[in-house]
Amino acid sequence: MMLTRLKAKSERKFAKQICKVVLDHFEKEYSRELGDAWHTVRDILTSPSCWQYAVLLNRFNYPFELEKDLHLKGYHSLFQGSLPYYPKSMKCYLSRTPHRMPSERHQIGNLKKYYLLNAASLLPVLALELRDGEKVLDLCAGPGGKSIALLQCAYPGYLHCNEYDSLRLRWLRQTLESFIPQPLVNVIKVSELDGREMGDAQPETFDKVLVDAPCSNDRSWLFSSDSQNAACRISQRRNLPLLQIELLRSAIKALRPGGLLVYSTCTLSKAENQDVISEVLNSYSNIMPVDIKEMARTCSQDFTFAPTGQECGLLVIPDKGKAWGPMYVAKLKKSWTT
C-alpha cells in the first residue's frame, strides 16, 4: 500500500512537469503520423516511472562482479548475438522492469565500469559496423554515449569526435576521460567545429560517419516546464530539418567512396527522419540506401518498431515493457561513381 502511494506521488510529481504546449503539439503531429500507436507511446513518454535504462559495460574496466549481479537480478543480454554484426566485446544488459542503477561518479584517473543509456541508442552504433583500424567520424558527438559505444565494438585507427555546442563538448571530454584508457585516447581527436564545415575541412577522409543529429528530443522536450521556452522550441523545430540536411551534406563530403554513413535522431518526427533521408537520397546520385530491415527483425524481441516506408530507415517507438526510443536510424552508402 505504502509503495502504491509513493508511486502515485512520484507520478503526480512528474505529471506536473509535463509541458502542455509540447504535449498538444505532439498530440496533433504524432496521432497523424503514428495513428493508434501514438496512444501507447504518449502514455510511456509522459510517465518517466515506466522508462527503462540499459547498462553498457565498459570493456576497458570490465565489471565481472556487476555482470554476475545483473544476471541474478534477471537482466538479460541485449540482442544475444542474433545480429549479423554484433561484436563480442560489446556487452549491454537490460531489465524488463523500469529499474535504474545509480550512475557512477566521475573521478579523475579512474575508469567507470558502466554507462546507463536508452538501449535503442546502440542501434545506430551497430548499424555502422565498425571494424578495427577504420577512420571514424562522430559528427555530433556530445555528450559522448555513442562514441563510448563505438569503442566497445572495435579499435578504430582514428576516431574524430566533433561537438559544436560548448556544454555538450564539456560532457563529451569528461565522458571520454571517464571510460577510455590513455593509450586509446591517442587515436581520438576532439573538435568543436560547426558540423556543417567538416566536409570541407576533411573531404573524403572517413570510412564510417555517424550523424546523431540535433533534433527535437521528444523525451526531454515534454518536460520543458517553461511554456515560453517550449513555444520557442516548437517554432525553431521547423528549421531543424534544414540543419539536419546540411549536416548530412557535410558528412557525405567527409566520407570516402565506399564508406558507410548512419543518420540518427531521438525524435518520432517524420520531417526530421524519413523526409530528411528522402531529400538526401533524391539529391545525390552517389548515395545509396542500405537495407536494414533485418536489424528490425532480429531485434523485435527487445524493441517495437513503427513502419517507416523505407528499407534503409528504422523507427523504435516506446512500448509497454519495451520503453526504448524514440530512435530513428537510417543507413546510407557512398558509391564509387559520382
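A residue is called buried when its relative accessible area is under 20%, exposed when that area is over 50%, and partly exposed in between. This briefing applies these classes to a predicted model. By this criterion, helix α2 contributes V22, L23, F26, E29, Y30 and L34 as buried residues.

**Helix α2**

- A kink of about 25 degrees is present in α2, with its centre on E27.
- The cover over the buried residues of α2 includes the helices α3 (37–45), α10 (218–222) and α11 (227–237).
- Strands β11 (305–306) and β12 (313–316) are also among the elements that cover these buried residues.
- G35 follows α2 and has a positive phi, near 65 degrees.

- A search of the whole structure returns zero disulfides.
- A disulfide requires two cysteine sulfur atoms within 2.5 Å.
- For C140, the closest cysteine sulfur belongs to C215 and lies 10 Å away, so the separation is too far for a bond.
- C140 counts as buried because its relative accessibility is 11%.
- For C312, the closest cysteine sulfur is that of C299, at 16 Å, and this pair is therefore also too far apart for a bond.
- C312 has a relative accessibility of 3% and so counts as buried.

**C266, the annotated position**

- An unreviewed UniProt entry lists C266 under "active site".
- C266 is located in the loop between β9 (255–265) and α13 (274–283).
- With 24% relative accessibility, C266 counts as partly exposed.

**S264, in strand β9**

- S264 is placed in strand β9, whereas C266 is in the loop between β9 and α13.
- S264 counts as buried because its relative accessibility is 0%.
- Beyond neighbours within four places in sequence, S264 is in contact with residues including P124, K146, L210, V211, D212 and A213.
- M327 and Y328 are also among the contacts of S264.

Key:
Residues are numbered from 1 along each chain as its sequence is written. This is a predicted model: local features need pLDDT of at least 70, side-chain atom pairs count only at pLDDT 80 or more; totals for chains, interfaces and linings use all residues. Side-chain values use heavy atoms; hydrogens and water are left out. The bend at a residue is the angle between axes fitted to the seven residues ending there and the seven starting there. Helices (H or I, at least four residues) and strands (E, at least two) are DSSP runs, numbered from the N terminus. Buried means under 20% relative accessible area, exposed over 50%, partly exposed in between (1.4 Å probe, protein chains only). Contact means heavy atoms within 4.5 Å. UniProt positions are given in the numbering used here, feature names are shortened, and annotations may be inferred rather than shown by experiment.
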